[in-house]
Amino acid sequence: MHNQEIAWALVEMANLLEILGENPFKVRAIRKGARVIEGLETPVSVLSARGQLAKIDGIGKGLCSEIDELLQAGESRQLQRLREKVPPGVLDMLQLPGIGLRAVRTFFAEGYTTLDELEEGARKHRLRLLPGIAAKTELAVIRGAEMLRRRSGKFGLGVAKPLAEELLRFLQNLPEVSRAEITGDLRRSQEVVEEIHLLVASHEPEALLALVKKHPSAAKVLVEGPGFVRFAFAFGLPVRVEITPESDFIARWVETTGTAQHWSALRSRGALPAKAVTDESGGELICQQWDAPRRDDGDWRRFISSQEAEEAFYEGLRLPWIPPELRESGQEVSQAEGGTLPQLVEMNDILGDFHIHTNWSDGVSSLEEMIGAGRDRGYAYMAITDHSQSLTVARGLSETKLREQQRAIRQLAAREKDFTVFSGIEMDILGDGRLDYADDILREMDVVIASVHTGLRQERQKVHSRLETALKNPHVDIIGHPTGRLIGTREPYDVDIDWLLDLAAKTGTILEINSSPDRLDLSAPHARLAKERGVMIAINTDAHDRARLSEMAFGVANARRAGLEREDILNTKPLAEVKKILSRPKG
DNA sequence: GCCGTTTTCGGCCCGACTGTTTTCAGTCG
């Protein structure tokens, strides 16, 4: 069982116990355990085998045996018992914004067991007859149910990508498989996907499909046919495994990666490269399709890499290779033809990370661990930016603590060679429009990120006035997660993005692409607008533990979808230039 | 359920806003 799956099982357990009225501290302890598991870089199964599980902070005897059971049986008896007591629809109710435990318990007690029933009750004004429920709550149910419906059947990049990569490794290691790749929306790094689509070249399709269906993740086969199977993980994410002859592979990969518009733009350029090909046994015609170029060493299995082959495919259309993230509207094809495709930023260009939390506020890992992890990633620099004093729930730093932390950072930084650690802060833009520290404190910080965490439902004028104070402050370098959205769970606060971009351009304030797959904020369309206005972007992880530093890849993919290039991004620049940018007077 | 001890029991993050009621519990971040 994947760490993520174990974490989900624990979260589900916590939610069920909460609804059933279990001790809130116990519930919180289990939730914390889930968060710790999510943040582990080593598979839980490995730690369990080594007997190291109980040594982890937040995992005690109880969770340890629960996790061991999940690992061994793939299920937990306690979880199954709890599920029998609470219908799944009641758990869904907890996801409705503005609806909490008390309301859900009331609904459940009154016999509402599905979201649909609840929504109908709200629309017919029957919920307001219940104790403690009135019109506003009915409205919250209706709005929330609509949001959940929009989200249903969609899975975030942070869930789908790692699972797809794991399945891909499984396929690539099978002797029946000559080539396997991720394709579809996931390859284009869409924010949410409806399925994992894997394309596989194999000369033994039947044997391969039989193996795929036996994969431990394939909880349920949804549909199967000649050359494909679609199965689902236990938590619902569907996986399509499509088998294609080696000769078709690259063409089919291109076809399934891009949108229909991209494919039709390619086709409109005339006939796609086509040529009669033969299979490895020699002689037999498979199809009238394009053949992947192969190395001339006579070994059928040793084709050139998929990437090279795809480049050759586009070359066959007299086009440069078009990055998957851009294969959307079809216009990228004419751009490619005109030689005006952007030179997209790549992971290798990223030299640091400016938004990192530690256990000084609400992070999991220590200063030493985070700094070590940044150095190990080969970064040239990073900034520690814990929460500011007013965000008490995240144990935000008082002025005294902040200064203490700054000293600790300076000390640790002094030990580093060729690796610079900036002492920064993620400062709250308070609900009343003030900033959380005075200018004389901010002046001492190497990096100041200003973020909105409260008053997310204020009217636009108020939100704008708060942001304006932050952007115009000479010490504020970066605005963190500039719209505050959580993909599929929370709408952005009311901000006019054009207004924000203009102000950022005018004041020389950098805007963040928050790499967390739950946020991706700025979104790709907004980041594209930012580039057009000449607003600089910082791609940050907002990591709360070591493992999440790797979420940088999601932020970079988002930037690529926005057409961003290296020069548009703060954390691709060499140290000297970064220092110059951070210390320049703002406009 | 976890943790840390004044070590096997008691505390566990908290302040502001909101919705439902009239003084506070629920919800959020």
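How are α1 and α2 oriented to each other? In this predicted model, helix α1 covers residues 3-19 and helix α2 covers residues 24-38, and the two pack at an angle of about 170° with their axes 8 Å apart. Because an angle over 145 degrees counts as roughly antiparallel, α1 and α2 are roughly antiparallel to each other. The residues that α1 brings to this contact include I6, A7, L10, V11 and A14, while those from α2 include V27, I30, A34 and I37. Sorted by class, the contact of α1 with α2 has ten nonpolar, four polar and four charged residues.

Further along the chain comes a sheet. Strands of a sheet pair through backbone hydrogen bonds, either parallel or antiparallel. This open sheet has five strands in the order β2-β4-β7-β6-β5, and its pairing is mixed. At the edges are β2 (177-183) and β5 (220-225), each of which pairs on one side only. On average, and with direction ignored, neighbouring strands of this sheet are turned by 20° against each other.

The next region carries an annotation. An unreviewed UniProt entry lists residues 352-431 as "domain: Polymerase/histidinol phosphatase N-terminal". In the model this span is 32% helix and 22% strand, and the C-alpha atoms at its ends lie 31 Å apart.

A second open sheet is built from seven strands in the order β8-β9-β10-β11-β12-β13-β14, with parallel pairing. Its edge strands are β8 (352-353) and β14 (537-540), each pairing on one side only. Within the sheet, strand β10 (residues 420-428) and strand β11 (residues 447-451) pair in the parallel sense over five bridges, and D428 stands opposite S451 in β11. Helix α18 (residues 399-414) lies across β9 (381-387) and β10, running at about 160° to β10. Helix α24 (residues 575-583) packs on the sheet as well, with contacts to β9, β10, β11 and β13 (510-514), and its direction makes about 35° with that of β10.

How do α21 and α22 lie relative to each other? The axes of helix α21 (residues 497-507) and helix α22 (residues 524-532) come within 10 Å and cross at roughly 40°, and α21 and α22 are therefore oblique to each other. The crossing in which α21 passes α22 is right-handed. On the side of α21 the residues in contact are I497, D498 and L501, which meet H526, L529 and A530 in α22. By class, this contact of α21 with α22 has four nonpolar, one polar and one charged residues.

Notes
Residues numbered from 1 in each chain as written. Chains lettered and ligands numbered in written order. Predicted model: local features only at pLDDT ≥ 70, side-chain atom pairs only at ≥ 80, totals over all residues. Heavy atoms only, no water. UniProt positions renumbered as here; feature names shortened; annotations may be inferred. Helix = DSSP H or I, 4+ residues; strand = E, 2+ residues; numbered from the N terminus. Axes fitted to C-alpha atoms, helices over the stretch in contact; angles between N-to-C directions. Parallel < 35°, antiparallel > 145°, perpendicular 65-115°, else oblique. Left-handed = near helix turned anticlockwise from the far one by under 90°. Contact = heavy atoms within 4.5 Å. Nonpolar A, V, L, I, M, F, W, Y, C, P; charged D, E, K, R; others polar. Pairing = 2+ DSSP bridges.
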